[in-house]
Amino acid sequence: MQNRRDFLKTSAMASLFAFSGGVSHLFAKDSQGVKMEFLTLNNGVKMPILGLGTYTLTGANGQKAMSDAIEIGYRLFDSAQMYGNESELGAAIRESGLKREEFFIQTKLLDSSNEDATKKSIEKSLKALNMDRIDLLLIHSPYPHAKAMYRAMESFYKQGILKSIGISNFGAKAYLDFVQSCEVIPAINQCETHLLMQQKPLREAMQKHGTLLQSWSPFIAGKNSIFDNPTLKTIAQKYNKTPAQVILRFLVELGIGVIPKSSKKQRMQENINIFDFTLSEQDKKILMGLDTNKSSFSWTNY
């Protein structure tokens, strides 16, 4: 079995992704290309099911990590105003020499006091990214003014400046209240989601409205000795994959987007190399049994 530290490099050079409907196994025709699956959002937009989380990737080193990810084949990047790295992400994309259309860029807004302030905040992110549009814009948390913020986002969405809009860290109760006032139903709700918190009640609540779940911290930031879980390690050995790869594959097979964060090229390659195997129904049931539906982070409020 490959372990996370000793994972060997696989051929994974940059490739063009062809979009198609549904969650499907699509890959570039180039033999050196990276396989990728896609989610179809509730407005028909196609989004890679796996991308790079960029929290803590700032400055020159952060931009270098993003450039490495582009070289490997990542096309979805998750940023946020809170991360302070939108400008680095924009620079990495421009310097890649690839067309903007090949990327799916998402970022998240900090709290704003009203609709007008939110419009200025969106323009601030566009300027930092040096882009004329954003593929997915999220409200970072269920802020007190979230509904007013979302109205501003809906306005930019109707203008085509935002291709998709959504939310982040909204639990089932907050989500169901929020969507009652939405003209455009959120395409994505980005939340803590991993083996120990699989967010089944939230997924069921959102399914009725067509909102998909995207997982932040699918590895629980290494908490709970997740990579040493004996059940997970046994399943990983069966597929000759690492525990990290099995975690990501499990979430993807549930239709959940994943944005694992890493600054190390070797681990980026490991994380994206999950589209060449499928978990058995029995193994998925075993992994579902690890769910405690409890947060591993003190600041969450689901």
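Me: Which residues of H8 meet Lys-284, Leu-287 and Met-288 in H10?
Reply: This is a predicted model. The contact of H8 with H10 counts four nonpolar, two charged and no polar residues by class. On the H10 side are Lys-284, Leu-287 and Met-288, and their partners in H8 are Val-246, Phe-250 and Glu-253.

Me: How are the axes of H8 and H10 oriented, roughly parallel or roughly perpendicular?
Reply: Helix H8 spans residues 243-253 and helix H10 spans residues 281-288, and their axes come within 11 Å. The axes cross at roughly 100°. An angle of 65 to 115 degrees counts as roughly perpendicular, so H8 is to H10 roughly perpendicular.

Me: What distance does H4 reach from its first C-alpha to its last?
Reply: Helix H4 covers residues 146-158, which is 13 residues. At 1.5 Å a residue the expected value is 18 Å, and the helix comes close to that. From first C-alpha to last, H4 reaches 18 Å.

Me: Which helices and strands do the buried residues of H4 pack against?
Reply: The buried residues of H4 include Met-149, Tyr-150, Met-153 and Phe-156, and Glu-154 is also one of them. They pack against strands E6 (104-109), E7 (136-139) and E8 (165-168), and against helices H3 (115-129) and H5 (172-179).

Me: What percentage of the residues in the protein chain is buried?
Reply: The protein chain holds 10 helices and 11 strands. Its accessible surface comes to about 13,100 Å², with 50% belonging to carbon and sulfur atoms. Of the 302 residues, the buried share is 56%.

Note on methods. Residues are numbered from 1 along each chain as its sequence is written. This is a predicted model: local features need pLDDT of at least 70, side-chain atom pairs count only at pLDDT 80 or more; totals for chains, interfaces and linings use all residues. Side-chain values use heavy atoms; hydrogens and water are left out. Axes are lines fitted to C-alpha atoms, for helices over the stretch in contact, and angles run from 0 to 180 degrees between N-to-C directions. Helices (H or I, at least four residues) and strands (E, at least two) are DSSP runs, numbered from the N terminus. Angles under 35 degrees count as roughly parallel, over 145 as roughly antiparallel, 65 to 115 as roughly perpendicular and the rest as oblique. Contact means heavy atoms within 4.5 Å. Ala, Val, Leu, Ile, Met, Phe, Trp, Tyr, Cys and Pro count as nonpolar, Asp, Glu, Lys and Arg as charged, and the others, Gly among them, as polar. Buried means under 20% relative accessible area, exposed over 50%, partly exposed in between (1.4 Å probe, protein chains only). Accessible areas come from the Shrake-Rupley method with a 1.4 Å probe; for residues, only the protein chains shown count as cover. The expected span of a helix is 1.5 Å times one less than its number of residues.
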